[in-house]
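Subject: Structure handover

Hello,

The structure is below, and my notes follow it. Please read them alongside the coordinates.

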Amino acid sequence: MQKTQQFIQDNKEKFLNELLDLLKIPSVSADPAYAGDVQKTAAFVAESLTSAGADKVQIFETKGHPIVYGEKMIDPNLPTVLVYGHYDVQPPDPVDLWDSPPFEPVIKKTDIHPEGAIFARGACDDKGQMFMHVKAFEAMHASGELACNVKFMIEGEEEVGSDNLGTFCEEQKEMLACDVVLISDTSIIANDTPSISVGLRGLSYLEIEVTGPNKDLHSGVYGGAVGNPINILSKMIASLTDENNHITIPGFYDQVVDLTVEERAAMNKAPFSLEEYKKALDIEDVHGETGYTTLERASTRPTLDVNGIWGGYTGEGAKTVLPSKAYAKISMRLVPNQTSDEITELFSKHFKSIAPASVKVEVKPHHGGEPVVIPTDTPEYKAAASAMVETFGKEPIPQRGGGSIPIVALFEHVLGVKTVMMGFGLDSDDIHSPNEHYGLFNYYKGIETIPYFYKHYADMKK
Ligand code: BES
Ligand code: MN
Ligand code: MN
């Protein structure tokens, strides 16, 4: 890997400038106003793959945003790595909370990133991390040290639930045939504490509409006599958790696989400071399910959160109104063996059952995703761990993450292969938040580590 590593050192500035150009295109998948920019980003990714040396580069249109594919098949006897990532990003809102415009990347030093970090929407999630794979491939290819066959599948709909990717994988099963899926879209514990993600939570996401009277009413003339949908919705939501922050939906925990005492002890050994955690978020105390640590609450336990709630009058000043409607968006993070469909069903049934007769309740399911847990006693996990030892000089810690990547569960079902989640972001990189950033250390460390994965994986499969 000598030549590859030298190539990376010689091209650091070029690799950075190319990423900055990618970050300038606002590929917000959730907002149709950006559809043209999403297309432009797909074209940028395709072009990058081609110039890095990939063959059969193609932009596949879907019912939503396009999927970019490219491959380099060097030897049928070598294993094939399928790189998955996403080029779409979350909306940058609220834009006024950014210190610099979200699509005009700037590099600034921070306490955690003394070498500098790139501030832009998508810098870490996932343009920066996805692009490391394109650059690592470019370096391996240019140096004649590509140790595996490689395929790229880079999508534009991860942040909106990957609705069309499942069908694509089914339809293109043969094209996508591989031995392992490699993803960088998660985090490490710290820049001096490497870790590998061995779990993701699933997701059920729903939208609720509560309707009271057929029009907004005078809150003096009717107030007290007609059900106020906002009052009622708030009460219904409040009843979904008890005094121990346990979720009260009947059957919610039925399928949850409890961790063994040993598993809990092992995961709570991961370096973590509750004091620093609270300080970084400016909170006096944490909040969660009784009987579980913060690390457990944020990764191995299921959750229910209101993501948005609205209705009535929210403009300037006061308007006395008894609103006709109230709305909420609710997400539930799921753990093995909960399934998204079942939890969505349990929620809907329960939520309708607790509604008083004075209102009508509608529950609309949005996207979902299944939880995953990844074993560590496999050649692919060991190859990733060895790769990190080469570049961090330390054995990585296996860690279950709290976020979701909806397509990962499907890779095992449809393609029949395991996934390696070798992410390089930090939880403090503010993904989905204002001032998202990605450390230069992390970007380069990722590019340097990836080639070692290929090398060790090829060695282990010999
Ligand atoms: N990359 C994240 C998921 C992630 C982040 C996993 C950090 C582990 C650590 C991904 O882009 C994401 O944000 N997923 C969404 C799900 C999607 C259906 C909107 C999520 O987790 O909210
Ligand atoms: Mn992501
Ligand atoms: Mn994301």
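How many of the residues of strand S9 (residues 195-200) are buried? The strand is mostly covered, with 6 of its 6 residues buried. Buried means under 20% relative accessible area, with exposed over 50% and partly exposed in between (1.4 Å probe, protein chains only). Strands (E, at least two residues) and helices (H or I, at least four) are DSSP runs numbered from the N terminus.

On conventions: this is a predicted model, in which local features need pLDDT of at least 70 and side-chain atom pairs count only at pLDDT 80 or more, while totals for chains, interfaces and linings use all residues. Residues are numbered from 1 along each chain as its sequence is written, chains are lettered from A and ligands numbered from 1 in the order in which they are written, and side-chain values use heavy atoms, with hydrogens and water left out.

S9 pairs with two strands (pairing requires at least two DSSP bridges). It runs parallel to strand S15 (residues 397-400), joined by 4 bridges, and Ser195 stands opposite Ile397 there. With strand S14 (residues 372-373) the pairing is antiparallel, through 2 bridges; Gly199 faces Val373 in S14.

The manganese ion (ligand 2) is coordinated by His86 (NE2), Asp125 (OD), Asp185 (OD) and Asp185 (OD), at 2.0 to 2.4 Å. Donors are N, O and S atoms within 2.8 Å of the metal (3.2 Å for Na, K and Ca); water is not among the atoms, so sites may look incomplete. Along the chain, the donors of this ion follow the spacing H-x38-D-x59-D. Asp125 bridges the manganese ion (ligand 2) and the manganese ion (ligand 3), which lie 3.6 Å apart. His86 lies in strand S3 (residues 80-86) and Asp185 in the loop between strand S7 (180-183) and strand S8 (187-188), so the pair ties together parts that are 99 residues apart in sequence. Both His86 and Asp185 are buried.

An open sheet is formed by 3 strands in the order S4-S5-S18, with antiparallel pairing. Strand S4 (106-108) and strand S18 (437-439) are at the edges with a single partner strand each, so one side of each is left without a neighbour in the sheet. Strand S5 (residues 117-119) is joined to S18 by 3 bridges, and Phe119 stands opposite His437 in S18.

Elsewhere, strand S1 (residues 55-60) and strand S2 (residues 67-72) run antiparallel with 4 bridges. A hairpin through 6 residues joins S1 to S2.

Regards
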